[in-house]
Amino acid sequence: MSGKFYLKIIFVGFFFFFLPLSAASQTVSFNIDSSYDLFSRQEIEAELIRTTQDLYFYIEKSWWDSRNSQEQNDIRLALFDLGEEFRNKIYPVLTSNFGSIPEPGIDGDQRITVLIHQMRQDAGGYFNSGDVYSRLQAPRSNEREMVYLSAGYVTSSKLRSALAHEFLHLITVNQKDLLQKVTEEVWLNEARAEYTPTLLGYDDAYAGSNLETRVRAFLDNPTISLTEWLNSGSDYGAVNLFAQYLVDHYGVRILADSLQSSKVGIASVEEALQKQGVKKSFSQVFAEWAIALLVNDCRLGDRYCYLNQNLLALRIVPTLYFLPRTETILSTVHGTTHWALNWHKFVGGGSNFSLEFDGQD
């Protein structure tokens with residue numbers, strides 16, 4: 001490397017981080033989702049902070065203006081790293097596995113807009129499928145291929161996981177809504193997106209990872225329905241762990257093939273299984289997953305465990321019933337819902353044991 005070329009690179013770096021860019025003066029009004037916004041707003045002003053070959057990074061103007069110069073510089077550095085990560089890893093890995101996004105899309109621009117604004121504490125980001133349509137079809141559309149990230153994540157190690165998750169939703173809306181003319185069921189849409197940090201290697205370091213967060217949320221409420229989406233942390237935990245199980249035993253193609261299918265939800269998973277020559281129903285796979293969560297031991301059967309090294313110690317504690325050794329009758333009432341997980345363990349009692357189950361038809 002010559003001395004002249006080296007000096008040029010130093011100058012460009014100094015210009016980017018410390019001198020105002022002409023693009024940075026661009027301010028745009030965006031519609032946002034009030035259910036995720038920290039102040040329940042429906043619209044904000046955002047400033048264009050960085051442009052890459054692939055992305056526009058906009059940040060909520062009032063929040064950005066309230067940062068000091070050091071904080072703004074740290075954010076610029078974080079966005080530089082994120083832009084590089086997106087170009088070199090997130091985009092190529094996810095599109096090669098799951099398919100393309102709308103290109104050039106509704107705005108005729110190859111770049112994706114990333115809008116960063118203040119969100120409620122439990123939200124890392126979100127996606128609005130209406131943005132890919134014109135305002136004639138979706139009145140609150142921003143008419144861009146875009147995703148939304150939390151300002152609270154902007155210098156966090158979870159920022160890249162959040163971007164990958166929301167980017168997969170953008171792929172999904174193209175593969176399902178635009179190409180297949182069907183809308184994916186929320187639980188499976190989220191399951192695929194939840195697996196992306198693991199696919200990209202972001203969950204390899206378990207402490208502080210998205211996977212660790214989801215495992216904790218699931219263990220707080222493991223009997224939640226897999227398919228009846230309530231948008232809680234436990235919902236995300238359940239679909240994440242189901243996706244982990246599917247990929248462990250059937251490969252990432254099980255998620256990709258179900259996305260490419262013209263069917264949605266359970267039917268698309270069953271079609272993907274059939275494509276692999278797996279003669280199992282969704283119900284059978286679901287039951288094997290339930291057993292795996294309880295015992296998590298491959299020695300008991302090759303389907304009754306996780307293969308992900310970070311999940312080898314995961315085991316559910318069942319509801320316990322202690323029976324006396326004398327003859328007795330125990331009656332219990334338990335409520336559940338469709339595709340929900342339940343584990344019950346009976347201990348004690350005499351040599352004879354009979355179990356009667358009476359549920360609603």
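β2 and β3 form a hairpin with 3 residues between them. Strands here, like helices, are DSSP runs (E, at least two residues, for strands; H or I, at least four, for helices), numbered from the N terminus. The model is predicted: local features need pLDDT of at least 70, side-chain atom pairs count only at pLDDT 80 or more, and totals for chains, interfaces and linings use all residues. Residues are numbered from 1 along each chain as its sequence is written, and side-chain values use heavy atoms, with hydrogens and water left out.

**Strands**

Strand β2 (residues 43–51) runs antiparallel to β3 over 5 bridges. Two strands count as paired if DSSP finds at least two bridges between them. In this pairing E47 stands opposite I59 of β3.

Strand β3 (residues 55–60) is largely enclosed by the rest of the structure, because 6 of its 6 residues are buried. Buried means under 20% relative accessible area, exposed means over 50%, and partly exposed lies in between (1.4 Å probe, protein chains only). L55, F57 and I59 cover one side of β3, while Y56, Y58 and E60 lie on the other. Both faces are covered.

β3 also pairs with β4, in the parallel sense, through 5 bridges. Y58 stands opposite L115 in β4. Strand β4 (residues 112–117) in turn runs parallel to β6, again over 5 bridges. There L115 has Y148 as its bridge partner.

Strand β6 (residues 146–150) is mostly covered, with 5 of 5 residues buried. M146, Y148 and S150 point one way. V147 and L149 point the other way. Strand β5 (residues 125–126) joins β6 by 2 bridges and runs antiparallel to it. G125 stands opposite L149 in that pairing.

In α6, the residues N210, L211, E212, R214, V215, A217 and F218 are buried. The buried residues of this helix pack against α5, α7 (233–250) and α10 (282–295).

D203 sits in the loop between α5 (186–199) and α6 (210–220). D203 counts as buried because its relative accessibility is 1%. Apart from neighbours within four places in sequence, D203 contacts P197, T198, S209, N210, L211 and N310. Contact means heavy atoms within 4.5 Å.

**Disulfide**

The whole structure holds 1 disulfide, defined as a pair of cysteine sulfur atoms within 2.5 Å. This disulfide links C298 and C305, with an S to S distance of 1.9 Å. The torsion about the S-S bond is about 90 degrees, so the disulfide is right-handed. C298 is partly exposed at 39% relative accessibility, whereas C305 is buried at 1%.

**Salt bridges**

A search of the whole structure finds 16 salt bridges. A salt bridge is a side-chain nitrogen of Lys or Arg within 4 Å of a carboxyl oxygen of Asp or Glu. Examples follow.

| Pair | N to O distance |
|---|---|
| D65 and K61 | 3.1 Å |
| R135 and E143 | 3.0 Å |
| D257 and K275 | 3.5 Å |

D65 and K61 are 4 residues apart in helix α2 (residues 61–65), so about one helical turn separates them. D65 is partly exposed at 45% relative accessibility. K61 is partly exposed at 28%.

R135 is partly exposed at 43%, and E143 is partly exposed at 26%.

D257 is buried, with a relative accessible area of 10%. K275 is exposed at 62%. Elsewhere, salt bridges with shared partners join D37, R41 and E60 into one network.

**Surface patch**

L330, F346, F353 and L355 make a nonpolar surface patch of about 410 Å². Patches consist of residues with over 30% relative accessible area and no salt bridge; like charges are joined within 9 Å, nonpolar side chains (Val, Leu, Ile, Met, Phe, Trp, Tyr) within 5 Å. Accessible areas come from the Shrake-Rupley method with a 1.4 Å probe; for residues, only the protein chains shown count as cover. L330 lies in the loop between β7 (319–323) and β8 (344–348). L330 counts as partly exposed, at 45% relative accessibility.
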